[in-house]
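Here is a short report on one protein model. Look at the sequence and the 3D view first, then read on.

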Amino acid sequence: MRLTGILFVGLLLMMACTNNQPVKSDDLLMPKPGQIGIYYFRTSIRCETCDAIEQLIKDELAGNYASQLKEGEIVFRQFNLDDPGVADFAKQFDVVFKSVIILKDERAINLTNDLFLYSLPKPEKSRELFENTIDQL
């Protein structure tokens, strides 16, 4: 009986981990000309730093950049690299793992290293780097 229970739980976990739905192609678009795109590539497995980076971006967009987000001048998109089709889309930014890319027109700025380095020990530095990057575009 115990073995049956273990096998059942294992089967449920396997099904949950492989039930990735394809990403709609509309979601895999580049920002429009003049628009700033904040693209956060992540995986299903999240760490404390990943959560801190996501929260930083959401806080900044809800605060300092709320009007630009509302007007469509800024778009924020999260992509799960575990979802079908996302990894191929991410390759155009040289992304193979969790990353934060800021896009505008022909520019792509990768903030990944700095945000992962500072998000937990020095969140104010992460915030400053994020804001400076957006403001300079």
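## An exposed turn and the overall layout

Asp 94 is exposed, with a relative accessible area of 72%. Exposed means over 50% relative accessible area, buried means under 20%, and partly exposed lies in between (1.4 Å probe, protein chains only). Asp 94 sits in the loop between H4 and S3. Its phi is near 60°, a positive value in a residue other than glycine.

The model is predicted: local features need pLDDT of at least 70, side-chain atom pairs count only at pLDDT 80 or more, and totals for chains, interfaces and linings use all residues. Residues are numbered from 1 along each chain as its sequence is written, and side-chain values use heavy atoms, with hydrogens and water left out.

The protein has six helices and four strands. Helices (H or I, at least four residues) and strands (E, at least two) are DSSP runs, numbered from the N terminus. Along the sequence the pattern reads α-β-α-α-β-α-β-β-α-α.

Of the 137 residues in the protein, 33% are buried. The exposed surface comes to about 8700 Å², and carbon and sulfur atoms supply 54% of it. These areas come from the Shrake-Rupley method with a 1.4 Å probe; for residues, only the protein chains shown count as cover.

A contact means heavy atoms within 4.5 Å.

## Aromatic rings

A pair of aromatic rings is described by the distance of the centres and the angle of the planes. Rings of Phe, Tyr and Trp (its six-membered ring) pair if their centres lie within 6.5 Å; planes under 30 degrees apart count as stacked, over 60 as edge-to-face and the rest as tilted. By this rule there are ten aromatic pairs. Two of them share Tyr 39.

Tyr 39 and Phe 89 form a tilted pair, with 6.3 Å from centre to centre and 40° between the planes. Tyr 39 lies in strand S1 (residues 36-42) and Phe 89 in helix H4 (residues 86-90), so this pair ties together parts that are 50 residues apart in sequence.

The rings of Tyr 39 and Phe 93 have centres 6.1 Å apart and planes at 90°, so that pair is edge-to-face. Phe 93 lies in the loop between H4 and strand S3 (99-104), while Tyr 39 lies in S1, so the pair ties together parts 54 residues apart in sequence.

Which residues do ring pairs link into a cluster? They are Tyr 39, Phe 41, Phe 79, Phe 89 and Phe 93.

| Residue | Relative accessible area |
|---|---|
| Tyr 39 | 0% |
| Phe 89 | 8% |
| Phe 93 | 10% |
| Thr 43 | 11% |
| Thr 112 | 9% |

Lys 125 lies over the face of Tyr 118, at 5.2 Å from the ring centre. A charge sits over a ring if NZ of Lys or CZ of Arg is within 6 Å of the ring centre and within 35 degrees of the ring normal.

## A hairpin

S3 and strand S4 (residues 107-110) pair in the antiparallel sense over four bridges. Two strands pair if DSSP finds at least two bridges between them. Ile 101 stands opposite Asn 110 in S4. The hairpin has two residues between the strands. Asp 105 lies in this loop between S3 and S4. Its phi is near 50°, a positive value in a residue other than glycine.

## Two threonines

Thr 43 is in the loop between S1 and helix H2 (48-62). At 11% relative accessibility, Thr 43 is buried. Its side chain reaches the backbone oxygen of Ile 45 at 2.9 Å. This is a polar contact: a pair of N or O atoms within 3.5 Å, where within protein one must be able to donate a hydrogen and the other to accept it, and residues adjacent in sequence count only if both atoms are side-chain atoms. Leaving aside neighbours within four places in sequence, Thr 43 contacts Asn 80, Leu 81, Asp 82 and Lys 98.

Thr 112 is in helix H5 (residues 112-118). The side chain of Thr 112 reaches the backbone nitrogen of Val 100 at 2.9 Å. Beyond neighbours within four places in sequence, Thr 112 is in contact with Lys 98, Ser 99 and Val 100.
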